[in-house]
Amino acid sequence: MFERIPEETINEIRQSVDIVDVISEYVQLKKQGRNYFGLCPFHGENTPSFSVSADKQIFHCFGCGAGGNAISFIMDIEGIPFQEAVVKLAEKANIHLDIQTHSEDENNINSEHVQMFKAHELLQKLYHHLLVHTKEGQQALQYLHQRGFTDESIEKFQLGYSLPNWDFAIKLLQKRGFSLPILEKAGLIIKNERDQNYFDRFRNRIMFPILDAKGRTIAFAGRAIDEHDSPKYLNSPETSIFNKSSLLYNLHYARSFIRKKQQAVIFEGYADVISADKAEVYNGIATMGTSLTPEHVQIIRRMTDNIIICYDSDKAGILAAYRAGTMLSESGCEVRVAHMPNGLDPDDYIKQFGSDKFRNDVIGASQTFMSFKMDYYRMNRNLQNEGEKLQYIEDVLKEIIKLDSAIEKDLYLRQISEEFSLSLEALKEQEREMSDQGSKKKRTFNEPAVTQHGIPTASKQVLPAHLTAERRLLAHMLKNGDIAYKVRELLDGNVFYTDEHQAIYTYLLGYYEDGNSPDVSAFLSYIKDKKLQQLVVEIDMMTLNEELTDQELHDYVNYVQKYQKILIIKNKQKEQKEAEKQNDLQKAFMLANEIIQLRKSLT
């Protein structure tokens, strides 16, 4: 638990950070009009519907409804409590907090995740020490040097060495108080089903620590030194803290370079990433022995839409590049593919030709994804055969149809025309026919409508007049404390119809009575309820007239009061019918008069 942070300190921290800078560390934002837009990090989407207002210091997703200020964003994206998010923002703002932090997880040795993180951290440091500073690690260190790994790379990526002993890690971790069953769950040790004894998973291997997005070691990849050891590559199994489908190797280091360069380079494995880093390609990431997944794509798209795929140049690598490129392209990324001589992987290429040629002739000369696909469709085809040639042309035309740029379409149609001596007009006619046959892609149900300028609009949910009036009153109250007090006076004890609107109304009055000025971001910190925060952001994003006239204000209040009277009338009508059933004519007559008077007050 954290010590309570004073409210004035929280406000100082909130005012010292720019929400655009905070969110830009997690989401790729582009300015459109007064606001910034990007892909929502809280739900999957292809059309940016996530809006950030620099003026109001709030964010809102038109797709899923998420909203809040910088503090609530950090809470949601990091999955941490309020005070921990405030501490994190204080660090960004260089504001010193003189408070004691006592995390329950940190104090509870029975917390599985805490033990897993600590065990991985301890072994990572130990493996690195064994490799660099001990006699036992010299053979492994020499092997790495022979393979082209520099001391700088070994230090930066904290490469290590695990001893050949069967129980070295077990003994060390047991002495430190770690639970063996939890270490087994963490994938660090294995239980022998025959005698129920435990032994180390990694033995006599070069160790590559695998870090999560926060820079914590959560797994290892081990490479055998002895060629007779099997398997050659041994990775940690998936655990509760290590999920291959949502983890990208080197993301923790590469994230800032990807954002700065607005480009990511995807490799097939960690050795290629380390070699590329040595060649000054610092924006490299890799999947962990799996194909690219939708989760990977979402993570990448939060940082950049420009991707270079740099896989091995063998048949398997080309097929994997095609699959990854197709997935990225369909999600809206601009994809290019780096090409290397036959049979080489990035690591081999850099060793053979050097860093400069890799940066300039491979990464710098990467081909468009359309050009790559034209080469891909040639594989295993005899284009001298008329049938295979026609099938190839049809496959390429299907891909050309998908292109948005008319210039690109014309470029590739001309290439086909020249290569196969075909009429450009005939190819264009064929392309038009195939395009007409294909159904146009429709916007998915969960993506918001988009204006002609590419800015998402709020969903066209039609609310009843009284609810619209309540929201407009609250929207004006958020902008002006005097209007809030005037609304309270005009309502004269009446309440809003929905509990959520009434709660926001009550909080707002309390917020202003505490001496606070209109500031929606500060108000979001004042009300701690998550659902109310999201509703406040949605209300604040409403389009309003610059000035609220007295007539408009009275009209909104009348709508609210009228609906309250309509509800009272309905209740009295039920009571009247019940009185008539009970043959209580005097009560029925009295209720009828009350209903008449209420109806008169509605006009």
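This is a predicted model: local features need pLDDT of at least 70, side-chain atom pairs count only at pLDDT 80 or more; totals for chains, interfaces and linings use all residues.

**The cavity and its surroundings**

The structure holds one cavity of 30 Å³ or more. A cavity here is a set of points, on a 1 Å grid over the protein atoms alone, where a 1.4 Å probe fits but cannot get out, and lining residues have an atom within 4 Å of a point. Grid points are joined across faces, edges and corners, and a volume is the space filled by probe spheres set on the points.

Residues are numbered from 1 along each chain as its sequence is written, and side-chain values use heavy atoms, with hydrogens and water left out.

Which residues line the largest cavity? They are Arg147, Gly148, Phe149, Thr150, Ser153, Ile274, Ser275, Lys278, Asp347 and Lys351. By class, two are nonpolar, four polar and four charged. In this classification Ala, Val, Leu, Ile, Met, Phe, Trp, Tyr, Cys and Pro are nonpolar, Asp, Glu, Lys and Arg are charged, and the others, Gly among them, are polar. Helices α12 (270-278) and α15 (346-353) each supply at least two lining residues, and α12 gives the most, with three. Helices (H or I, at least four residues) and strands (E, at least two) are DSSP runs, numbered from the N terminus.

**Annotated regions**

The annotation "domain: Toprim" covers residues 262-343. That span is 40% helix and 21% strand, and its end C-alpha atoms lie 29 Å apart. UniProt positions are in the numbering used here, feature names are shortened, and annotations may be inferred rather than shown by experiment.

**Aromatic rings**

I turn next to the aromatic side chains. Rings of Phe, Tyr and Trp (its six-membered ring) pair if their centres lie within 6.5 Å; planes under 30 degrees apart count as stacked, over 60 as edge-to-face and the rest as tilted. How many aromatic pairs does this rule give? The count comes to 30 aromatic pairs. In one of them, the ring centres of Phe50 and Phe59 are 5.4 Å apart and the planes stand at 35°, so the pair is tilted. Both Phe50 and Phe59 are buried, a word that means under 20% relative accessible area, with exposed over 50% and partly exposed in between (1.4 Å probe, protein chains only). Phe50 and Phe59 also belong to a cluster that ring pairs form with Tyr26, Phe42 and Phe73.

A further pair is Phe202 with Phe220: the centres are 6.1 Å apart and the planes at 70°, so this pair is edge-to-face. It links distant parts of the chain, 18 residues apart, with Phe202 in the loop between β8 (198-200) and β9 (205-211) and Phe220 in strand β10 (residues 217-224). Phe202 is buried, at a relative accessible area of 2%, and Phe220 is buried at 0%.

Charged groups meet rings as well. A charge sits over a ring if NZ of Lys or CZ of Arg is within 6 Å of the ring centre and within 35 degrees of the ring normal. Lys156 has its charged end over the ring of Tyr253, 5.9 Å from the centre. Arg216 lies over the face of Phe117, at 4.1 Å from the ring centre.

**Backbone features**

Most residues other than glycine have a negative phi, and most peptide bonds are trans. Where does a cis peptide bond occur? One joins Ser230 and Pro231, with omega about 0°, and Pro231 is placed in the loop between β10 and β11 (233-235).

Gln57, a residue other than glycine, has a positive phi near 60°. Gln57 is in the loop between β3 (50-53) and β4 (58-61), and at 19% relative accessibility it counts as buried. Ser421 likewise is not a glycine, yet has a positive phi of about 55°. Ser421 is in the loop between α19 (406-420) and α20, and is exposed, with a relative accessible area of 66%.

Key:
On a 1 Å grid over the protein atoms alone, a cavity is a set of points where a 1.4 Å probe fits but cannot get out, and a pocket is an open set with protein on both sides within 12 Å along at least five of seven lines; lining residues have an atom within 4 Å of a point.
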